[in-house]
Amino acid sequence: MSTDATTLDIDTGATAVAHPNMALIKYWGKRDRDLILPVTGSLSMTLDIFPTTTHVRVGEQEADTIALDGRPADEVTTRRVTGFLRLVRDITGRHEAAAVDSVNSVPTGAGLASSASGFAALAAAACAAYDHSLTPRELSRLARRGSGSACRSVFGDFVVWHPGGSRPPRDDLGSYAEPVPAGDFDPAMVIAIVDGGGKAVSSRKAMQHTVETSPFYLPWAAGIAADLERMRAAIGRGDLQEVGRIAEHNALSMHATMLAARPAVRYLQAGTLRVLDAVAALRTGGIDAYATIDAGPNVAVLCDPRDEIRVARAVSELPDVSATHIAHRGPGTTVTAGAAA
Ligand code: 2P0
């Protein structure tokens, strides 16, 4: 990346940093695949670990070039990123090709997705490189078009993503993320890596398959609005038990929708269930610990920061757990160098 002090003065590019987020109420299912409009609202905590740093330079080459962690991106990623850059050019009214250089700090094999931080950082860096200023809400809408969960990584701490209404044509405008007032609620999230390998089925495919074939999908979606209200209130008053209970129920019932799809999508592994057993045992022992699971086998355990070492030790002792990471609430997307976003 050309971010050293000597090149910045002459560089036409911009650099942005974004962090991953972990959903406490999950986004699972689209009602518009082109605009990436979700069926339900969702709510997440932006994390303070594993940021993505993305540099975008414009106007120096014929076609877009995409580098991830210093290597040219594969064909599928290149197609997805260049499609997103076309959208940015439509919005900004610019035409020049871009050189994207994105670096993820998540360790290889950590089993943590980077599309949320990746597209949030790309949206911010690309707009800044094309010299186009967006409000945070506009940036969130734009990041959503790259990957749904990226709209939440635009903001720090606790964040809700509004699904948008059903007004014609399709309500791109109503679907964006915004911060949730959280006072000094500052829980820890212990992430237990059960399997750091790639997914057999992408979350994009799995969620569509679930919407189309699972008889449990609509009942799951129907309960989300009420849980979002309860969750927002619980975060506002710093009620870890209520936040944890809602989050654990939401994640397990999301996996139930997948298990009932035809054929089933099963991300849960034997090791995942053993971590859930350990979390239940911690609770029996008087520790407030609650699990959430994304579209994969790894488990994130929400707990009081005073208990984080004890929780991390309990899960890391399990033979199925290859690594643990401890996260807290983290910052929103920032442009760190180059033109202002
Ligand atoms: C979430 N996940 O709320 C949920 C929970 C996975 C499980 O957002 O198709 O990669 O790019 O919009 O954002 C993963 O889905 O999907 C996801 P696309 P994305 O964090």
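Predicted model: local features only at pLDDT ≥ 70, side-chain atom pairs only at ≥ 80, totals over all residues.
Colleague: Let's start with the layout. Into which domains is the protein chain divided?

Modeller: There are two: domain 1 covers 14–183 and domain 2 covers 188–327. Their C-alpha centres lie 23 Å apart. As for how they meet, 35 residues of domain 1 are in contact with 42 residues of domain 2.

Colleague: How do I read the nonpolar core here? Which residues of the largest one touch the most other members?

Modeller: The idea is to follow buried nonpolar residues that are joined through side-chain atoms within 4.5 Å. In this model the largest such core has 79 residues, and Leu24, Trp28, Leu43, Val56, Met189, Met231 and Ile235 touch the most other members. Helix α3, residues 115–129, gives the most to this core, with eleven residues. The core also draws at least three residues from each of domain 1 and domain 2.

Colleague: Now the cysteines. How many disulfides does the structure hold?

Modeller: First the general idea: a disulfide is a covalent bond between the sulfur atoms of two cysteines. Here the structure holds zero. Take Cys127, which is in no disulfide, the nearest cysteine sulfur being that of Cys151.

Colleague: On to the ligand. Which residues around it come nearest?

Modeller: There are 17 residues around the ligand, and Tyr27, Lys30, Ser147, Gly148 and Arg204 come nearest. A polar side-chain atom of Ser147 is 2.7 Å from a ligand oxygen. For Arg152, a polar side-chain atom sits 2.8 Å from an oxygen atom of the ligand. Arg80 has a side-chain N or O atom at 3.1 Å from a ligand oxygen.

Colleague: What about the backbone? Which residues have a positive phi although they are not glycine?

Modeller: The background is that most residues other than glycine have a negative phi, and most peptide bonds are trans. In this model Ile36 has a positive phi of about 55 degrees, and Phe50 likewise has a positive phi of about 55 degrees. You'll find Ile36 in the loop between β3 (30–32) and β4 (37–38), and Phe50 in the loop between β5 (42–46) and β6 (52–58). Ile36 is buried, with a relative accessible area of 3%; Phe50 is buried too, at 14%.

Colleague: Where is the cis peptide bond?

Modeller: That one runs from Arg262 to Pro263, with omega near -10 degrees. Pro263 has its place in the loop between α9 (240–259) and α10 (270–284).

Key:
Residues numbered from 1 in each chain as written. Heavy atoms only, no water. Buried < 20%, exposed > 50% of the residue type's maximum accessible area, 1.4 Å probe, protein only. Helix = DSSP H or I, 4+ residues; strand = E, 2+ residues; numbered from the N terminus. Domains from an automatic or database assignment. Disulfide = S-S within 2.5 Å. Near = heavy atom within 4 Å. Polar contact = N/O pair within 3.5 Å; in protein donor to acceptor, adjacent residues only side chain to side chain. Contact = heavy atoms within 4.5 Å.
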